[in-house]
Every structure is written in structure tokens, then in C-alpha cells.
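Good morning, and thank you for coming. Please look at the structure on the screen while I describe how some of its parts are arranged.

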Amino acid sequence: MTTLITHSEAETGAAGRALAPGLSPGSVVLLFGDLGAGKTAFVRGLAEGLGIDPAEVSSPTFTLLQEYRGGRIPLFHADLYRLNDAREVEDLGLEELAADGVLAIEWPEKLPRRPSGSIRVRIEDAGDETRTIHITPSPTHPITTSPTHSDR
Ligand SMILES: Nc1ncnc2c1ncn2[C@@H]1O[C@H](COP(=O)(O)OP(=O)(O)OP(=O)(O)O)[C@@H](O)[C@H]1O
Ligand SMILES: [Mg+2]
């Protein structure tokens, strides 16, 4: 697990950007953290790192799922905060999408089943603009360029 401390939204974006080069189709990134923790800020950086205009990334609160193309790999961005019925999540077909691109999920606690091979990102508000970010790589879908995995 990697732990980072950021002091601004831009720094959290940079953390997302740094993760992007190691992602490949099938990568799933689960984003845990309270309202306003910085999950969307992290996804914006992830988008940028994949070659997508970060300004396109908003909080897809009312749509559950947004799709950004035009980068190295498509990015699917789900925000499950407003999900009430677990059946709705089945309808989104997240697992099929994941195979074609990178899938980033805010509020993954709402999933009926947690995808097993996911990268877990946990963002904690440490006061003011300070955030502690814990990144746990997927055991089954390693972050390919991470130096900590170069021995695989
Ligand atoms: N170090 C930091 N990293 C990220 N965001 C920060 C930081 N410091 C302050 N902020 C502010 O915190 C807020 C983070 O908002 P963001 O939409 O990314 O949160 P979120 O976790 O996606 O919330 P939600 O669950 O509502 O979707 C922004 O207003 C941002 O400016
Ligand atoms: Mg958000």
C-alpha cells in the first residue's frame, strides 16, 4: 500500500495522474472517502493522465455513469452515491464496461458485490486542505509501471 499526503485539489489530481500510466483495459479503481474528500478530483487527474481533457470530468451525481473517450483508453466514471436499488447497478453493466477501459467508481460501498481485482484508493480529510490518500494495488491486475511491481 502507498500512502500520500496532498495539500490541494491540484496535488490530489497529480496523484491520480501518476496512477494513470500503469492502468490498462480492465483496470478498476474503487474510490472510498466521505463527501468532499476529493474522489472526483482524483478521477480528474486520472483522466488527464489517460489523455482525456480533465475539464470533462464532473461529478456524475445524476447520471451514475459517465464515459470519456479520446484518451489512450476509455474512462468510465461511476458515482453510486445516489443509488438506492442494488438492481440499478446491475443495469449499468459495469463489469462489461470494465473490460474495455478503465473503470473508476465513487461510493463503491453501494455495490452489491465488490469487484475482486480492483485498485483501492481511500481518501481521508486530514483537516483544511490536507488529504491522506491510501492506494492499494490490485493483486490480480497489477499496476504495470509501478516500480514496486517491476519484480513480477
Ligand atoms: N488536498 C485536496 N485534495 C482534493 N480536494 C481538496 C483538497 N483540499 C481541498 N479540496 C477540496 O475538496 C473538494 C473535493 O471535492 P470532490 O468533488 O473531489 O470530492 P468527492 O470525494 O468526489 O465528493 P463526493 O462524494 O461528493 O462526490 C473540492 O472542493 C476541493 O477543492
Ligand atoms: Mg465526487
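Helices here are DSSP runs of H or I with at least four residues, and strands are E runs of at least two, numbered from the N terminus.

This is a predicted model, in which local features need pLDDT of at least 70 and side-chain atom pairs count only at 80 or more, while totals for chains, interfaces and linings use all residues. Residues are numbered from 1 along each chain as its sequence is written, and chains are lettered from A and ligands numbered from 1 in the order written.

Which helices give two or more residues to the shell around ligand 1? Ligand 1 is surrounded by 20 residues, Thr 12, Lys 39 and Glu 129 being among the closest; a residue counts if its C-beta atom, placed from the backbone, lies within 6 Å. The elements giving two or more are helix H1 (9-19) and helix H2 (39-49).

Let us turn to the sheet. Seven strands form an open, mixed sheet in the order E1-E7-E6-E2-E5-E4-E3, where pairing requires at least two DSSP bridges. The edge strands, E1 (2-6) and E3 (65-68), each pair on one side only. E3 pairs with E4 (residues 75-79) in the antiparallel sense over four bridges, and Gln 66 has His 77 in E4 as its bridge partner.
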